[in-house]
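Dear colleague,

I am pleased to hand over the structure shown below. Please look through it before reading the notes that come after.

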Amino acid sequence: MSEPGADQDGVAPTFRDLLMRSGLGLHALTTDTEQLGRTITWSHTTELHDPSPYLRGGELVCTVGISLRSAADCDTFVDALSRSGVAGICFGTGDVHDATPQALVDACTRVGLPLLIAPPAVPFSTVSRYIADFQFGGAVATARATNALVPELLSSQRRRESVRQLLDRAGQVLGCYFLLEPPGQAADAAVSVPVDGMGTVVWVGRGDPPEPAVLEVIARFVAAAQGERDIEAALARERVGQLLSLVERRMLLPDALNQLLDWPGLTAREIDCSAWPAGAGALLSMAFPDALVADAPEVCLVLSTGADRLDEIATDLSLPSGHAAAGPLTELGASIGQARIALDLARQRGGSIGPDQLSTFGSLLEGLPPSRLAPFKQQLIDPLEELDRDRGTQHVRTLRVFLAANGSLIDTARELFLHSNTVRHRLARIGQITGRNPLDFEDQAAFTIGLRAADRL
């Protein structure tokens with residue numbers, strides 16, 4: 001499937017785009033220019049007779065026609081979609097119907113609804129992905145490229161490689177080549193980004209160039225790599241890192257840092273502590289010129305005062321980061337430990353994690369090692385999954401919906417389209433299998449942990 005162009009970012013695709021540009025192999029049963037020019041806001045897969053309660057308008061409704069067994073079924077389905085203002089229908093052949101029902105074609109023609117046909121080899125997920133990439137292609141491409149780039153560039157900095165070596169690493173990841181032109185010599189370059197005091201990074205390659213945000217990330221690392229040549233600064237960060245590690249392990253009193261380090265922030269009422277990936281010291285020194293940056297074992301620590309732009313800078317640097325609650329110097333050891341935990345969580349979720357996100361049930365579970373969570377999965381979830389697999393039952397799904405509904409039998413029954421007595425019976429069966437009562441608060445917590453462990457492991 002071909003990727004949409006960057007100039008389409010934020011624009012909804014049309015039926016003509018799906019037919020002519022996506023490469024998906026779809027075909028239409030209409031040549032009406034107006035219908036083919038309709039825009040598609042999103043895709044929605046359904047097998048309901050009347051999915052209108054779940055539609056907002058503008059969707060491409062995808063179905064294999066499980067509920068379309070008669071002409072009346074087709075009329076009911078198409079009329080409901082037409083009233084909801086959908087863009088059109090994508091019908092998948094091969095699973096339920098070998099060919100598109102003529103009654104469906106007639107109903108769509110009657111209300112003027114475009115109808116696309118998807119052959120068996122085209123899953124609806126690829127159609128949905130094309131629509132999403134068409135609208136958000138630039139942001140998606142930037143995120144993918146950045147996620148691939150940053151670990152390689154950090155590795156380059158840890159190895160203290162030259163700017164040329166760093167650019168070569170970036171080129172290998174993106175499948176292109178980068179030049180660092182001296183100041184004033186790359187004014188005509190179509191795809192470039194300036195680096196203060198060094199010149200201009202210029203992209204050389206075929207196909208679509210990197211997004212501007214990706215070039216900015218490379219430029220920041222280039223500037224940091226050049227600054228990393230200051231060995232004295234690098235050694236100073238390592239020394240600070242060793243001292244902060246001693247404070248974290250309670251082998252050095254925090255107050256002693258006043259005699260060992262020349263940083264005015266140590267006298268502040270409160271200090272902000274954040275943790276970043278190892279190897280980012282030079283980059284962070286540039287981003288936080290007034291902060292104390294430390295290259296500690298396996299992590300980079302930043303101490304600052306009144307750092308209101310921490311989240312904004314973390315986003316600009318495209319690095320995961322963990323931030324502790326601001327506290328006095330005497331509590332610095334605990335703040336470092338908290339920042340490390342937040343960084344571990346940020347590595348799993350991406351982005352920046354602050355102290356407010358550490359006080360949630362989910363963050364508590366994610367901070368526990370898998371060995372602590374495994375018994376919950378083995379004793380509470382595995383027996384249910386085995387039964388569901390062998391007998392085609394839905395105990396695990398029922399349990400998930402019940403817990404998500406905060407233990408409401410009525411809401412669970414409504415979500416699963418069941419009678420509340422059926423839900424009650426399933427929960428009782430879960431209790432018999434596991435020895436735990438899903439209606440008991442403590443056992444609900446245990447089941448929740450078991451499901452989280454199953455998802456994580």
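This is a predicted model: local features need pLDDT of at least 70, side-chain atom pairs count only at pLDDT 80 or more; totals for chains, interfaces and linings use all residues.

Residues are numbered from 1 along each chain as its sequence is written, and side-chain values use heavy atoms, without hydrogens and water.

The protein chain is assigned domain 1 (15-122), domain 2 (136-227), domain 3 (253-366) and domain 4 (368-455); such bounds come from an automatic or database domain assignment. The centres of domain 2 and domain 4, taken over C-alpha atoms, are 49 Å apart.

An unreviewed UniProt entry annotates residues 396-453 as "domain: PucR C-terminal helix-turn-helix"; UniProt positions follow the numbering used here, feature names are shortened, and annotations may be inferred rather than shown by experiment. This span is 78% helix and 0% strand (DSSP runs, helices being H or I of at least four residues and strands E of at least two, numbered from the N terminus).

Zero disulfides were found in the whole structure, a disulfide being a pair of cysteine sulfur atoms within 2.5 Å. For Cys108, the closest cysteine sulfur, in Cys74, is 8.4 Å away, too far for a bond. For Cys273, the closest is in Cys300, at 10 Å, also too far.

Most residues other than glycine have a negative phi. Arg250, however, has a positive phi near 60° and lies in the loop between helix H8 (231-248) and helix H9 (257-260). Asn406 has a positive phi of about 60°, in the loop between helix H15 (395-404) and helix H16 (409-416).
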